[in-house]
Amino acid sequence: SIEDAHKLWLDRQYYKEAQYSKPSKSCIKDYDSMATYHVLPYFKNQDVRFIDKDLVKDFVTHLESKGSINAKTLSKIFNVFSAILDYSASKDKIQRNVCKDTNFLSDIVVVEKQQPKLDFDDWTLEKVQKLISHTKRDDIKLMFHIMLQTAARPSEVRALTKSNLRFKSNQPYLTYAHAVKRDGSVGKTKNKKIRDLAISSGLKDKIQEHLNKLPETQTSLFLNKDGKYIALETLIKALDKALKSFGVQLPYNRKCYFFRHYMATYWAWKKKYTDPQDLADALGDDDVNFVRRTYIKPYANTEMEKEKSDWLNNQFKD
(Lines give C-alpha, C1' and ligand atoms only; values in the text may rest on other atoms or scores of the structure.)
Protein backbone atom coordinates (compact mmCIF):
# COMPACT_ATOMS: atom_id res chain seq x y z
CA SER A 1 0.00 0.00 0.00
CA ILE A 2 1.00 3.63 -0.32
CA GLU A 3 1.08 3.74 3.48
CA ASP A 4 3.66 0.92 3.56
CA ALA A 5 5.71 2.60 0.83
CA HIS A 6 5.64 5.86 2.77
CA LYS A 7 6.84 4.18 5.98
CA LEU A 8 9.60 2.34 4.12
CA TRP A 9 10.82 5.64 2.65
CA LEU A 10 10.44 7.61 5.89
CA ASP A 11 12.39 5.05 7.93
CA ARG A 12 15.21 5.32 5.41
CA GLN A 13 15.26 9.15 5.73
CA TYR A 14 15.63 8.90 9.50
CA TYR A 15 18.40 6.33 9.08
CA LYS A 16 20.26 8.63 6.64
CA GLU A 17 19.89 11.55 9.04
CA ALA A 18 21.30 9.48 11.92
CA GLN A 19 24.19 8.07 9.90
CA TYR A 20 25.08 10.93 7.55
CA SER A 21 23.30 14.01 9.03
CA LYS A 22 21.53 14.46 5.71
CA PRO A 23 18.71 15.18 5.08
CA SER A 24 18.25 17.28 8.21
CA LYS A 25 15.49 16.58 10.71
CA SER A 26 13.69 19.75 9.65
CA CYS A 27 13.79 18.69 5.98
CA ILE A 28 12.45 15.25 6.85
CA LYS A 29 9.67 16.89 8.84
CA ASP A 30 8.75 19.11 5.88
CA TYR A 31 8.84 16.23 3.39
CA ASP A 32 6.81 13.99 5.66
CA SER A 33 4.23 16.74 6.14
CA MET A 34 3.75 16.95 2.38
CA ALA A 35 3.31 13.19 2.17
CA THR A 36 0.95 13.07 5.17
CA TYR A 37 -1.33 15.91 4.12
CA HIS A 38 -1.33 15.47 0.34
CA VAL A 39 -0.01 12.13 -0.94
CA LEU A 40 -1.47 9.68 1.57
CA PRO A 41 -5.02 11.12 1.67
CA TYR A 42 -5.26 11.16 -2.13
CA PHE A 43 -3.92 7.62 -2.64
CA LYS A 44 -5.48 6.19 0.52
CA ASN A 45 -5.14 2.38 0.67
CA GLN A 46 -3.88 2.39 -2.92
CA ASP A 47 -1.78 -0.58 -4.03
CA VAL A 48 1.29 1.20 -5.41
CA ARG A 49 1.84 -1.58 -7.96
CA PHE A 50 -1.23 -0.34 -9.79
CA ILE A 51 -0.45 3.38 -9.84
CA ASP A 52 -0.27 4.25 -13.53
CA LYS A 53 0.31 7.39 -15.59
CA ASP A 54 -3.37 8.35 -15.52
CA LEU A 55 -3.49 8.23 -11.72
CA VAL A 56 -0.37 10.38 -11.50
CA LYS A 57 -1.83 12.90 -13.97
CA ASP A 58 -5.02 13.04 -11.92
CA PHE A 59 -2.98 13.65 -8.77
CA VAL A 60 -1.15 16.59 -10.36
CA THR A 61 -4.48 18.01 -11.61
CA HIS A 62 -5.90 17.60 -8.10
CA LEU A 63 -3.00 19.54 -6.58
CA GLU A 64 -3.24 22.23 -9.25
CA SER A 65 -6.95 22.71 -8.56
CA LYS A 66 -6.19 23.65 -4.95
CA GLY A 67 -5.87 27.39 -4.84
CA SER A 68 -3.88 27.24 -1.60
CA ILE A 69 -0.96 25.39 -3.25
CA ASN A 70 1.41 27.42 -5.42
CA ALA A 71 3.43 25.93 -8.26
CA LYS A 72 6.64 25.62 -6.26
CA THR A 73 4.93 23.75 -3.41
CA LEU A 74 3.13 21.55 -5.92
CA SER A 75 6.47 20.56 -7.43
CA LYS A 76 7.85 19.71 -3.99
CA ILE A 77 4.84 17.56 -3.13
CA PHE A 78 5.17 15.71 -6.44
CA ASN A 79 8.89 15.15 -5.84
CA VAL A 80 8.18 13.67 -2.40
CA PHE A 81 5.61 11.34 -3.98
CA SER A 82 8.16 10.36 -6.62
CA ALA A 83 10.83 9.77 -3.96
CA ILE A 84 8.51 7.41 -2.08
CA LEU A 85 7.90 5.35 -5.21
CA ASP A 86 11.57 5.54 -6.13
CA TYR A 87 12.65 3.94 -2.87
CA SER A 88 10.06 1.16 -3.21
CA ALA A 89 11.37 0.47 -6.71
CA SER A 90 14.95 0.33 -5.40
CA LYS A 91 13.79 -2.34 -2.91
CA ASP A 92 12.01 -4.34 -5.64
CA LYS A 93 8.61 -3.69 -4.06
CA ILE A 94 7.42 -2.29 -7.40
CA GLN A 95 8.81 -2.69 -10.91
CA ARG A 96 9.52 1.00 -11.53
CA ASN A 97 8.75 4.54 -10.45
CA VAL A 98 5.95 5.61 -12.78
CA CYS A 99 6.62 9.29 -11.94
CA LYS A 100 9.71 9.06 -14.15
CA ASP A 101 7.84 7.82 -17.21
CA THR A 102 7.18 11.35 -18.44
CA ASN A 103 7.39 14.98 -17.33
CA PHE A 104 4.15 15.26 -15.38
CA LEU A 105 4.97 18.83 -14.40
CA SER A 106 5.53 20.14 -17.94
CA ASP A 107 2.50 22.45 -17.63
CA ILE A 108 3.48 23.72 -14.18
CA VAL A 109 5.35 27.02 -14.27
CA VAL A 110 7.42 27.80 -11.18
CA VAL A 111 8.20 31.50 -10.95
CA GLU A 112 11.14 32.19 -8.69
CA LYS A 113 10.49 35.09 -6.34
CA GLN A 114 12.75 38.02 -7.11
CA GLN A 115 14.00 40.17 -4.27
CA PRO A 116 13.87 43.91 -4.99
CA LYS A 117 17.25 45.47 -5.67
CA LEU A 118 18.82 47.12 -2.64
CA ASP A 119 19.23 50.87 -2.83
CA PHE A 120 22.53 51.45 -1.05
CA ASP A 121 22.07 55.22 -1.32
CA ASP A 122 19.10 54.81 1.02
CA TRP A 123 20.07 51.69 2.97
CA THR A 124 23.61 52.63 3.85
CA LEU A 125 25.70 50.52 6.21
CA GLU A 126 25.35 53.31 8.77
CA LYS A 127 21.57 53.14 8.52
CA VAL A 128 21.52 49.40 9.17
CA GLN A 129 23.81 49.84 12.18
CA LYS A 130 21.56 52.61 13.47
CA LEU A 131 18.59 50.26 13.13
CA ILE A 132 20.43 47.71 15.28
CA SER A 133 21.13 50.40 17.90
CA HIS A 134 17.35 50.67 18.45
CA THR A 135 17.29 47.07 19.74
CA LYS A 136 16.52 47.09 23.46
CA ARG A 137 18.23 43.89 24.66
CA ASP A 138 22.03 44.04 24.62
CA ASP A 139 22.47 40.33 23.85
CA ILE A 140 20.13 40.45 20.86
CA LYS A 141 21.71 43.72 19.70
CA LEU A 142 25.06 41.91 19.69
CA MET A 143 23.58 38.98 17.76
CA PHE A 144 22.31 41.38 15.09
CA HIS A 145 25.77 42.97 14.83
CA ILE A 146 27.32 39.52 14.34
CA MET A 147 24.70 38.56 11.73
CA LEU A 148 25.37 41.77 9.85
CA GLN A 149 29.16 41.71 9.94
CA THR A 150 29.56 38.00 9.07
CA ALA A 151 26.38 37.48 6.99
CA ALA A 152 25.68 34.42 9.13
CA ARG A 153 22.32 32.71 9.42
CA PRO A 154 20.39 33.42 12.64
CA SER A 155 20.57 29.72 13.48
CA GLU A 156 24.38 29.80 13.26
CA VAL A 157 24.74 32.85 15.52
CA ARG A 158 22.34 31.32 18.04
CA ALA A 159 24.64 28.27 18.25
CA LEU A 160 27.90 30.17 18.86
CA THR A 161 30.01 29.04 21.81
CA LYS A 162 33.17 30.35 23.43
CA SER A 163 35.16 27.76 21.46
CA ASN A 164 34.08 29.44 18.21
CA LEU A 165 35.85 32.69 19.14
CA ARG A 166 39.32 33.15 17.65
CA PHE A 167 40.55 36.25 19.45
CA LYS A 168 44.21 35.50 20.23
CA SER A 169 45.68 37.07 17.08
CA ASN A 170 45.45 40.65 15.83
CA GLN A 171 42.94 39.45 13.23
CA PRO A 172 39.96 38.13 15.23
CA TYR A 173 37.50 35.81 13.54
CA LEU A 174 34.59 33.50 14.28
CA THR A 175 34.27 29.86 13.36
CA TYR A 176 30.85 28.68 12.24
CA ALA A 177 30.47 24.93 12.63
CA HIS A 178 26.98 24.45 14.10
CA ALA A 179 23.43 25.77 13.92
CA VAL A 180 20.36 25.53 16.11
CA LYS A 181 17.77 23.41 14.34
CA ARG A 182 14.02 23.89 14.25
CA ASP A 183 13.45 21.48 17.14
CA GLY A 184 15.94 23.32 19.36
CA SER A 185 18.75 20.81 18.95
CA VAL A 186 22.19 21.70 17.62
CA GLY A 187 23.49 20.23 14.40
CA LYS A 188 25.87 21.06 11.60
CA THR A 189 25.52 24.15 9.43
CA LYS A 190 23.23 23.99 6.41
CA ASN A 191 25.93 22.82 3.99
CA LYS A 192 27.71 20.78 6.71
CA LYS A 193 30.93 22.78 6.23
CA ILE A 194 32.97 24.74 8.77
CA ARG A 195 33.86 28.30 7.82
CA ASP A 196 35.92 31.08 9.39
CA LEU A 197 34.91 34.72 9.04
CA ALA A 198 36.90 37.74 10.13
CA ILE A 199 35.34 40.39 12.34
CA SER A 200 36.32 43.93 13.22
CA SER A 201 38.20 44.83 16.40
CA GLY A 202 35.15 46.79 17.48
CA LEU A 203 32.91 43.73 17.25
CA LYS A 204 35.52 41.67 19.08
CA ASP A 205 35.37 44.20 21.93
CA LYS A 206 31.55 44.01 22.01
CA ILE A 207 31.69 40.21 22.21
CA GLN A 208 34.35 40.34 24.91
CA GLU A 209 32.21 42.74 26.95
CA HIS A 210 29.30 40.29 26.59
CA LEU A 211 31.54 37.38 27.68
CA ASN A 212 32.48 39.21 30.86
CA LYS A 213 28.82 39.14 31.90
CA LEU A 214 28.37 35.39 31.39
CA PRO A 215 28.81 32.73 34.09
CA GLU A 216 32.19 31.04 33.79
CA THR A 217 30.52 27.64 33.36
CA GLN A 218 28.36 28.82 30.44
CA THR A 219 29.90 27.84 27.10
CA SER A 220 27.11 29.07 24.81
CA LEU A 221 27.15 32.78 24.00
CA PHE A 222 23.42 33.31 23.72
CA LEU A 223 20.98 31.62 26.08
CA ASN A 224 17.69 32.82 27.54
CA LYS A 225 16.86 32.94 31.24
CA ASP A 226 15.81 29.27 31.11
CA GLY A 227 19.20 28.21 29.79
CA LYS A 228 17.88 27.48 26.29
CA TYR A 229 18.93 28.96 22.98
CA ILE A 230 17.31 32.31 22.29
CA ALA A 231 14.30 31.54 20.10
CA LEU A 232 14.08 32.82 16.54
CA GLU A 233 10.67 34.28 17.40
CA THR A 234 12.33 36.36 20.13
CA LEU A 235 14.79 37.77 17.61
CA ILE A 236 12.01 38.59 15.16
CA LYS A 237 10.00 40.41 17.83
CA ALA A 238 13.08 42.40 18.85
CA LEU A 239 13.70 43.39 15.22
CA ASP A 240 10.06 44.43 14.76
CA LYS A 241 10.30 46.67 17.82
CA ALA A 242 13.57 48.17 16.60
CA LEU A 243 12.00 48.93 13.21
CA LYS A 244 9.04 50.59 14.90
CA SER A 245 11.30 52.62 17.19
CA PHE A 246 13.50 53.70 14.24
CA GLY A 247 10.44 54.45 12.10
CA VAL A 248 11.48 52.42 9.05
CA GLN A 249 10.44 49.30 7.16
CA LEU A 250 12.84 46.75 5.74
CA PRO A 251 13.33 47.00 1.96
CA TYR A 252 12.16 43.38 1.76
CA ASN A 253 10.52 41.11 4.30
CA ARG A 254 13.23 38.65 5.26
CA LYS A 255 12.92 39.08 9.04
CA CYS A 256 16.28 38.42 10.70
CA TYR A 257 17.66 37.02 7.44
CA PHE A 258 17.74 40.64 6.30
CA PHE A 259 21.17 41.14 7.89
CA ARG A 260 22.61 38.13 6.03
CA HIS A 261 21.13 39.16 2.69
CA TYR A 262 22.19 42.77 3.15
CA MET A 263 25.82 41.95 3.95
CA ALA A 264 26.11 39.29 1.23
CA THR A 265 24.92 41.90 -1.26
CA TYR A 266 27.21 44.53 0.26
CA TRP A 267 30.21 42.19 -0.05
CA ALA A 268 29.44 41.62 -3.73
CA TRP A 269 28.84 45.34 -4.36
CA LYS A 270 32.06 46.41 -2.62
CA LYS A 271 33.94 43.50 -4.20
CA LYS A 272 35.13 41.96 -0.95
CA TYR A 273 34.79 38.72 -2.90
CA THR A 274 35.15 38.91 -6.69
CA ASP A 275 34.94 35.16 -7.30
CA PRO A 276 31.36 33.81 -6.90
CA GLN A 277 32.75 30.60 -5.39
CA ASP A 278 34.61 32.58 -2.71
CA LEU A 279 31.42 34.46 -1.85
CA ALA A 280 29.44 31.22 -1.75
CA ASP A 281 32.06 29.66 0.55
CA ALA A 282 31.94 32.67 2.90
CA LEU A 283 28.15 32.38 3.04
CA GLY A 284 28.17 28.62 3.54
CA ASP A 285 26.07 28.19 0.41
CA ASP A 286 26.63 25.31 -2.03
CA ASP A 287 24.59 26.90 -4.83
CA VAL A 288 27.07 29.17 -6.62
CA ASN A 289 24.54 29.99 -9.33
CA PHE A 290 22.09 31.26 -6.70
CA VAL A 291 24.82 33.40 -5.14
CA ARG A 292 25.80 34.83 -8.52
CA ARG A 293 22.20 35.49 -9.54
CA THR A 294 21.06 36.95 -6.21
CA TYR A 295 24.01 38.91 -4.86
CA ILE A 296 26.45 39.60 -7.68
CA LYS A 297 24.70 39.97 -11.03
CA PRO A 298 22.25 42.85 -10.30
CA TYR A 299 24.99 45.12 -8.96
CA ALA A 300 27.70 43.99 -11.37
CA ASN A 301 25.49 45.12 -14.28
CA THR A 302 24.96 48.53 -12.68
CA GLU A 303 28.65 49.10 -11.92
CA MET A 304 29.65 47.94 -15.39
CA GLU A 305 27.26 50.45 -16.94
CA LYS A 306 28.56 53.27 -14.72
CA GLU A 307 32.05 52.59 -16.07
CA LYS A 308 30.78 53.56 -19.55
CA SER A 309 30.28 57.15 -18.43
CA ASP A 310 33.49 58.43 -20.03
CA TRP A 311 32.63 56.70 -23.28
CA LEU A 312 29.20 58.36 -23.31
CA ASN A 313 30.67 61.79 -22.62
CA ASN A 314 32.99 61.39 -25.60
CA GLN A 315 30.07 60.45 -27.87
CA PHE A 316 27.69 63.16 -26.68
CA LYS A 317 29.87 66.23 -26.28
CA ASP A 318 26.98 68.68 -26.41
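**Before you click**

You're looking at a predicted model, where local features need pLDDT of at least 70, side-chain atom pairs count only at pLDDT 80 or more, and totals for chains, interfaces and linings use all residues. Residues are numbered from 1 along each chain as its sequence is written, and side-chain values use heavy atoms, with hydrogens and water left out.

**Stop 1: the whole chain**

Show the cartoon and you'll find 13 helices and 5 strands; these are DSSP runs numbered from the N terminus (helices H or I, at least four residues; strands E, at least two). The C-alpha atoms fill a box of roughly 70 × 65 × 35 Å along the principal axes. Of the 318 residues, 42% count as buried (buried is under 20% relative accessible area, exposed over 50%, partly exposed in between, with a 1.4 Å probe and protein chains only).

**Stop 2: a pair of phenylalanines**

How many aromatic pairs does the structure hold? There are 18, where rings of Phe, Tyr and Trp (its six-membered ring) pair if their centres lie within 6.5 Å; planes under 30 degrees apart are stacked, over 60 edge-to-face, and the rest tilted. Select Phe78 and Phe104: this pair is tilted, 6.0 Å centre to centre with 50° between the planes. Phe78 sits in helix α4 (residues 71–90) and Phe104 in the loop between α4 and α5 (125–133), so the pair ties together parts 26 residues apart in sequence. Phe78 is buried at 6% relative accessible area, and Phe104 is buried too, at 10%.

Now jump to Tyr266 and Trp269. Their ring centres are 5.8 Å apart and their planes at 65°, so this pair is edge-to-face. The two residues are 3 apart in helix α10 (residues 257–269), about one helical turn. Tyr266 counts as buried at 18%, while Trp269 is partly exposed at 25%.

**Stop 3: the ring cluster**

Select Phe120, Trp123, Phe144, Tyr252, Phe258, Phe259, Tyr262, Tyr266 and Trp269, which ring pairs link into a cluster. The charged end of Lys127 sits over the ring of Trp123, 4.3 Å from its centre, and that of Lys270 sits over the ring of Trp269, at 4.6 Å. (Here, NZ of Lys or CZ of Arg must be within 6 Å of the ring centre and within 35 degrees of the ring normal.)

**Stop 4: the cores**

Which residues touch the most other members of the largest nonpolar core? Pick out Phe144, Ile146, Ile207 and Tyr262, from a core of 57 residues. Such a core is a set of buried Ala, Val, Leu, Ile, Met, Phe, Trp, Tyr and Cys residues joined through side-chain atoms within 4.5 Å. Elements giving two or more residues to this core include α5, α6 (138–150) and β2 (173–176), and α10 gives the most, with 8. Apart from this core lies another, of 32 residues, among them Ala5, Leu63, Val98 and Leu105.

Zoom in on Phe144. Leaving aside neighbours within four places in sequence, Phe144 is in contact (heavy atoms within 4.5 Å) with Ile132, Thr135, Leu235, Ala238, Leu239, Cys256 and Phe259.

**Last stop: Ala268**

Go back to helix α10 and select Ala268. Is this residue buried or exposed? Ala268 is buried, at 12% relative accessible area. Not counting residues up to four places away in sequence, Ala268 touches Leu279, Tyr295 and Ile296. Finally, draw a line to Ala300: the C-alpha atoms of Ala268 and Ala300 are 8.2 Å apart, though 32 residues separate them along the chain.
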